[in-house]
Amino acid sequence: MAQYVFPPFHSFPPSYTRQPVEATRAKQTQLWCDLIRDYCRVHHIFWLDVSVARESNLFSNPAIDRRLSDDDVRYFLGQLVARGDAEWDPDRKRCLVFWRQPSDWGQLIYQWVDATGKNGELLTVHEIRKGSATVGREFHGLELDTTIRALQALEALGKCAIVQGDSADSLGVKFAM
Amino acid sequence: MCATIGVDPLTSKKGVWSDLLGVGDFYYELAVRIIEICVATRPINGGIMSLRELLPVLQTKRITYTEKISSDDVERAVAKLDVLGSGFKIMDVGNNRLVRSVPVELNPDHTKALTACGTKGYTNASELQRLTNWDAYRTRTTLQFLLQNEIAWLDAQSSEPTYWILGLVAGASSQT
């Protein structure tokens with residue numbers, strides 16, 4: 001896995017203190033949000049577990065002996081959710097990070113469907129995520145929750161219809177022509 | 001970006017600037033680049049940027065000219081900008097030469113606090129008091145001013161609250 005190079009911001013001690021001045025905090029929030037999103041992209045993280053992330057080098061920098069407090073980790077993740085780049089789990093213990101927007105994932109899936117002529121066929125969500133036909137595609141192995149949101153985004157555009165199955169992974173989906 | 005200061009250097013060869021400032025294309029472009037960089041990094045450094053930090057960014061940003069830019073060139077370009085009343089100014093603070101791109105008035109106390117930050121880029125109340133013999137109130141107001149004007153960032157995780165001037169910290173401006 002590619003080694004992620006942290007931006008200079010990650011090695012400034014004041015980055016780890018929630019700034020008291022609003023304008024500065026707004027900038028700080030943007031920097032943290034971008035950092036979390038990019039970090040998740042590089043490490044292919046979909047569900048960011050708060051307790052795991054807290055211990056990782058994302059939210060701390062041993063070289064300068066600074067770490068974000070639990071409170072601030074939640075604050076910046078909350079801001080990431082607020083700007084639409086993530087979604088909280090109902091119990092707020094983890095965060096579904098959209099380093100690629102669900103609608104963009106949806107586009108990728110739809111392009112594959114279109115290119116392989118699967119329009120009109122009933123596919124299971126499992127087939128799309130784990131099926132041998134999608135090996136090598138960017139969305140192969142995509143987190144279930146992200147896949148569902150991607151398909152919902154497509155459904156909203158009228159490009160597919162989601163068919164209820166017995167469990168989440170046995171959901172079916174039928175793509176429009 | 002240029003719209004903010006009311007000129008369009010791309011369309012007006014002989015425009016407001018050349019009439020007003022009488023500068024050639026070199027300082028013309030240099031000034032525009034300086035404004036661009038200062039404005040782009042303002043959220044990080046609050047509009048205070050050391051020349052030492054500005055020069056390398058400036059060198060990589062320029063397209064038309066390839067000559068090496070000296071700090072003297074920057075000073076000249078910034079001096080021309082003064083006519084526009086946009087708040088651009090070169091300040092000497094201790095060992096640092098700074099470009100100030102916000103119309104915030106720094107009084108001698110603020111300047112002393114910036115001097116205390118030196119090239120390391122940060123200071124705290126006790127260091128500032130030791131250097132200036134100020135009382136606690138004066139020290140606090142000065143540091144608060146820098147914080148409120150987005151020039152300083154607070155680090156509350158060291159033994160004493162530390163005030164960082166990111167415009168003086170190496171590499172900080174490459175963030176944006």
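Over all chains, the count of salt bridges in this predicted model comes to 19. One of them joins A:Asp72 to A:Arg18, with 2.9 Å between the closest N and O atoms. Because A:Asp72 lies in helix α3 (residues 70-82) of chain A, whereas A:Arg18 belongs to the segment before α1 (22-42) of chain A, the pair ties together parts that are 54 residues apart in sequence. As a general point, side chains of opposite charge can pair when their charged atoms come close.

The C-alpha trace of chain A extends over about 55 × 30 × 25 Å when taken along its principal axes.

Two sheets of chain A can be followed strand by strand. In one of them, three strands are arranged in the order β1-β5-β4 (chain A), forming an open sheet with antiparallel pairing. The strands at its edges are β1 (47-49) and β4 (86-88) of chain A, each of which pairs on one side only, and from one strand to the next the twist averages 30 degrees. Strand β1(A) is joined by three bridges to β5 (residues 94-97) of chain A, the two running antiparallel; within this pairing, A:Leu48 has A:Cys95 in β5(A) as its bridge partner. In general terms, strands of a sheet pair through backbone hydrogen bonds, either parallel or antiparallel.

The other sheet of chain A is also open and antiparallel, and its three strands come in the order β6-β8-β7 (chain A). Here the edges are formed by β6 (122-124) and β7 (160-163) of chain A, each pairing on one side only, while neighbouring strands are turned against each other by 30 degrees on average, direction ignored. Three bridges connect β6(A) with β8 (residues 172-175) of chain A in an antiparallel arrangement, and A:Leu122 finds its bridge partner in A:Lys174 of β8(A). Helix α6 (residues 144-156) of chain A packs on this sheet, where it touches β7 and β8 of chain A, and the direction of the helix makes about 130 degrees with that of β7(A).

Strand β2 (residues 89-93) of chain B and strand β3 (residues 96-100) of chain B run antiparallel and are joined by five bridges, and among the residues involved, B:Asp92 has B:Arg97 in β3(B) as its bridge partner. Two residues lie between β2(B) and β3(B) in this hairpin, and B:Gly94 in the turn has a positive phi of about 55 degrees.

It remains to bring the two chains together. The contact takes 18 residues from chain A and 20 residues from chain B, and about 1,700 Å² is buried between them, with carbon and sulfur atoms giving 66% of that area. Which charged pair spans the interface in a salt bridge, given that the rule finds one there? The side chains are those of A:Arg66 and B:Asp155, which meet at 2.8 Å, N to O. Between chain B and chain A there are also five residue pairs counted as being in polar contact, both residues being at pLDDT 80 or more. On the side of chain B that touches chain A, the elements that give two or more residues are α3 (25-45), α8 (136-148) and β5 (152-155) of chain B, and of these β5(B) gives the most, with three residues. Sorted by class, that side of chain B has 11 nonpolar, seven polar and two charged residues.

Terms used:
Residues are numbered from 1 along each chain as its sequence is written. Chains are lettered from A and ligands numbered from 1 in the order in which they are written. This is a predicted model: local features need pLDDT of at least 70, side-chain atom pairs count only at pLDDT 80 or more; totals for chains, interfaces and linings use all residues. Side-chain values use heavy atoms; hydrogens and water are left out. Two strands pair if DSSP finds at least two bridges between them. Helices (H or I, at least four residues) and strands (E, at least two) are DSSP runs, numbered from the N terminus. Axes are lines fitted to C-alpha atoms, for helices over the stretch in contact, and angles run from 0 to 180 degrees between N-to-C directions. Contact means heavy atoms within 4.5 Å. Buried area is the accessible area (1.4 Å probe) that two parts lose on being put together, summed over both. A salt bridge is a side-chain nitrogen of Lys or Arg within 4 Å of a carboxyl oxygen of Asp or Glu. A polar contact is a pair of N or O atoms within 3.5 Å; within protein, one must be able to donate a hydrogen and the other to accept it, and residues adjacent in sequence count only if both atoms are side-chain atoms. Ala, Val, Leu, Ile, Met, Phe, Trp, Tyr, Cys and Pro count as nonpolar, Asp, Glu, Lys and Arg as charged, and the others, Gly among them, as polar.
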